[in-house]
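Dear colleague,

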Amino acid sequence: MEGEKKVGVLARKTITVGPWGGNGGTTWDDGSYNGVRSITIVYDRCIDSVRVEYDKNGKSVLAEKHGGSGGSQTANIRLQYPEEFITSISGHYCPVVHGGSAVIRSLTIKSNRRTFGPFGVEEGTPFSFPMEGGLIVGFKGRSGWYLDALSFRVSRVQTSTLLERMQLKLQKLTQKYTQQPPHAMTNNNRAHA
Ligand code: GYP
């Protein structure tokens with residue numbers, strides 16, 4: 001069940017990567033979608049909160065904000081969906097306060113077109129997840145006052161999938177409107193005979 005997702009007529013398998021970060025806070029899970037449209041990151045000395053806007057069959061779905069209400073800076077990452085997609089997520093994690101559990105301190109998000117960030121403070125343990133042929137379809141993690149940990153679901157795609165899909169759709173449409181089943185032809189012929 002988990003990891004099986006239907007997108008149109010295709011059954012897509014997803015894998016979860018991560019988590020990176022600490023064990024504090026409570027878990028959250030956005031679920032899985034077709035892709036990511038935008039991410040809002042609020043930060044300061046660490047990542048205070050994240051909120052992701054996904055695409056579900058052409059419609060925008062705004063997930064909940066995860067984390068606290070602090071943070072003095074906001075990054076609005078708006079991707080040119082679907083042409084622009086995330087190709088790598090990296091960052092750092094460690095405690096903000098002495099003796100506290102680790103939280104996400106910084107995040108850098110790269111797309112096939114741009115680099116966003118680093119946001120926050122690049123301190124602690126670095127992590128990096130570059131994906132080739134993978135598409136982020138959902139985030140999950142832990143949060144409290146801050147973003148404690150982050151993981152995400154990735155689905156496998158071919159780089160030309162979008163174009164190929166459009167070509168396939170067009171092909172099917174063309175077939176539908178130009179090809180008549182053999183019995184229809186016979187009936188037609190009969191009618192005109
Ligand atoms: C709160 C929660 C912790 C969590 C931190 C950071 C300040 O503490 O109680 O469990 O680790 O926020 O999100």
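In β10, Lys110 is the bridge partner of Ser88. This pair belongs to the antiparallel strands β9 (residues 86-94) and β10 (residues 103-111), which are joined by eight bridges. Here strands (E, at least two residues) are DSSP runs, numbered from the N terminus, and two strands pair if DSSP finds at least two bridges between them.

Please note that this is a predicted model, in which local features need pLDDT of at least 70 and side-chain atom pairs count only at pLDDT 80 or more, while totals for chains, interfaces and linings use all residues. Residues are numbered from 1 along each chain as its sequence is written.

Strands β9 and β10 are part of an open, antiparallel sheet of four strands, ordered β11-β10-β9-β12. At its edges lie β11 (115-120) and β12 (125-130), each of which pairs on one side only. From one strand to the next, the twist averages 15° (axes are lines fitted to C-alpha atoms, and angles run from 0 to 180 degrees between N-to-C directions).

A further antiparallel pairing, over four bridges, links β5 (residues 47-56) with β6 (residues 59-62). Asp55 stands opposite Ser60 in β6. The hairpin of β5 and β6 has two residues between the strands, and Asn57 adopts a positive phi near 50°.

Around the ligand are Gly24, Gly25, Ser101, Val103, Ser143, Gly144, Trp145, Tyr146 and Asp148, a residue being near a molecule if its C-beta atom, placed from the backbone, lies within 6 Å of it.

With kind regards
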